[in-house]
Amino acid sequence: KYLSENKMLTAYANYLADMLPSIIVSELKVSKESFFKVPTIFRLKEPGSLIQKAFYREKNYSNPYYDITDKVGGRIVVLLEEQANNVCQVIEKLNSFVYSKDRDFEIERANNPEIFNYKSHHYILKNKVELKLEETVPEGTSVEIQIRTLLQHAYSELTHDTIYKPNTIATPEVKRSVAKSMALIEVTDQIFSQVSIELKHSQSQFSRIIDDCTKLFPADITLDPDIKLCNFILDAYLTEVNQYTQVNLKKFVTEYEFIFEKIKERSKTKFLYKQPIILFIYYLVQKRRIIAKSKWPLSFVDIKDIFTDLGVSYDNS
């Protein structure tokens with residue numbers, strides 16, 4: 001029966017591999033190339049594995065063929081746990097499928113906090129209506145989806161077929177090493193998430209400074225923003241970025257309005273002066289000249305000109 005349904009299940013797998021990433025990208029407003037860390041692939045279970053699961057792994061199925069829900073299986077791999085959680089939310093809102101959560105590692109962790117074990121979101125999806133693909137997919141055809149972080153995926157690739165199958169004999173030492181690696185992965189995933197939060201905060205602050213500077217430029221100066229360049233410069237001044245306030249920048253511009261003439265003249269020949277962030281650099285040179293000089297990430301010639309414009313000695317700062 002399984003072999004007779006091979007074409008239909010293959011069509012179903014191909015459909016899911018194309019449809020699900022497209023919906024996730026649309027719902028989460030992310031880039032497919034950067035969000036998914038390995039290609040999203042759906043595959044059919046090997047016939048031998050199906051037979052083994054049905055009859056030799058003590059599953060006690062009442063109707064083995066229909067009770068096995070992973071005849072079609074796929075995985076979605078992202079970088080961070082919060083991204084995996086976001087994918088789960090998208091899956092749970094799919095209108096054309098019903099879902100059940102086959103495994104919830106958050107519940108398992110709460111019930112067994114002392115155990116570090118394999119982590120992955122497992123969903124069983126079943127289509128609500130018949131699908132007309134290359135082959136007709138009957139209503140209620142199941143598929144198993146696993147959603148993991150990249151580290152969890154690496155762990156799964158190493159251990160799934162060698163540790164968690166009953167016909168495999170793993171020594172206590174191997175099992176202990178595997179448990180330690182899972183504990184390390186859990187901690188690393190948490191650190192990655194914290195790093196991501198901090199980077200998003202910095203990026204938000206960068207965007208705010210660039211936007212504030214842009215709004216302060218007079219209409220007769222033509223800007224040509226290079227966001228990567230602006231972010232590169234701001235990244236060199238993270239402490240100052242975190243202390244930045246729009247009020248202080250506006251106060252500086254009001255007091256030193258003459259710098260716009262300097263910027264306008266230099267922007268004719270220097271790309272740096274077409275960047276809105278140049279206002280922030282003038283502000284730093286005036287308020288924190290030693291920091292502005294010591295952390296400057298580009299050629300000293302450019303920042304030396306800013307010192308000169310503001311009547312400040314570059315060599316004595």
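**Close-up 1. Lys1 and Tyr66 meet through their side chains.** The side chains of Lys1 and Tyr66 are joined by a polar contact of 3.5 Å. A polar contact is a pair of N or O atoms within 3.5 Å; within protein, one must be able to donate a hydrogen and the other to accept it, and residues adjacent in sequence count only if both atoms are side-chain atoms. This is a predicted model: local features need pLDDT of at least 70, side-chain atom pairs count only at pLDDT 80 or more, and totals for chains, interfaces and linings use all residues. Residues are numbered from 1 along each chain as its sequence is written, and side-chain values use heavy atoms, with hydrogens and water left out. Lys1 sits in the segment before H1. Helices (H or I, at least four residues) are DSSP runs, numbered from the N terminus. Lys1 is exposed, at 52% relative accessibility. Buried means under 20% relative accessible area, exposed over 50%, and partly exposed in between (1.4 Å probe, protein chains only). Leaving out residues up to four places away in sequence, Lys1 touches Tyr65 and Tyr66. Contact here means heavy atoms within 4.5 Å. Lys1 and Tyr65 are 64 residues apart along the chain, yet 8.6 Å separates their C-alpha atoms.

Close-up 2. Lys29 is found in the loop between helix H1 (6-28) and helix H2 (32-35). Its phi is positive, about 55°, although Lys29 is not a glycine. Lys29 is exposed, with a relative accessible area of 73%. Asn60 lies in the loop between helix H3 (47-55) and helix H4 (64-67). Asn60 is not a glycine either, and has a positive phi of about 55°. At 74% relative accessibility, Asn60 is exposed.

**Close-up 3. Tyr56 lies in the loop between H3 and H4**. Tyr56 is exposed, at 63% relative accessibility. From Tyr56 to Asp226 the chain runs 170 residues, and their C-alpha atoms are 62 Å apart.

**Close-up 4. Asp226 caps helix H9.** The cap is at the N-terminal end of H9, where a side-chain oxygen of Asp226 lies 3.2 Å from the backbone nitrogen of Lys228. H9 spans residues 227-235, and its buried residues are Leu229, Cys230, Asn231, Ile233 and Leu234. What covers these buried residues includes helix H8 (172-216), helix H10 (238-243) and H13.

**Close-up 5. Ile210 is a buried residue of H8.** Ile210 lies in helix H8. Its relative accessibility is 8%, so Ile210 counts as buried. Not counting residues up to four places away in sequence, Ile210 touches Ile227, Cys230, Asn231, Leu234, Pro276 and Ile277. Lys53 is 157 residues from Ile210 along the chain, and 58 Å separates their C-alpha atoms.

**Close-up 6. Helices H11 and H13 cross.** H11 (residues 246-255) and H13 (residues 278-287) pack at an angle of about 85°, with axes 10 Å apart. H11 is therefore roughly perpendicular to H13. Axes are lines fitted to C-alpha atoms, for helices over the stretch in contact, and angles run from 0 to 180 degrees between N-to-C directions. Angles of 65 to 115 degrees count as roughly perpendicular. From H11, Asn248, Leu249, Phe252 and Val253 meet Leu279, Tyr282, Tyr283 and Gln286 of H13. The contact residues divide into 6 nonpolar, 2 polar and no charged. Ala, Val, Leu, Ile, Met, Phe, Trp, Tyr, Cys and Pro count as nonpolar, Asp, Glu, Lys and Arg as charged, and the others, Gly among them, as polar. H13 is mostly covered, with 9 of its 10 residues buried. Among them are Phe280, Ile281, Leu284 and Val285.

**Close-up 7. Asp309 pairs with Arg266.** A polar contact of 2.3 Å links the side chains of Asp309 and Arg266. Asp309 belongs to helix H15 (residues 300-309). Asp309 is buried, with a relative accessible area of 9%. Beyond its neighbours within four places in sequence, Asp309 is in contact with Phe258, Lys262, Arg266 and Tyr282.

Close-up 8. pLDDT is the predictor's confidence in each residue, from 0 to 100. Where pLDDT is low, the predicted coordinates should not be read in detail. The mean pLDDT of the protein is 87, and 91% of its residues reach 70 or more.

Terms used. Helices (H or I, at least four residues) and strands (E, at least two) are DSSP runs, numbered from the N terminus. Angles under 35 degrees count as roughly parallel, over 145 as roughly antiparallel, 65 to 115 as roughly perpendicular and the rest as oblique.
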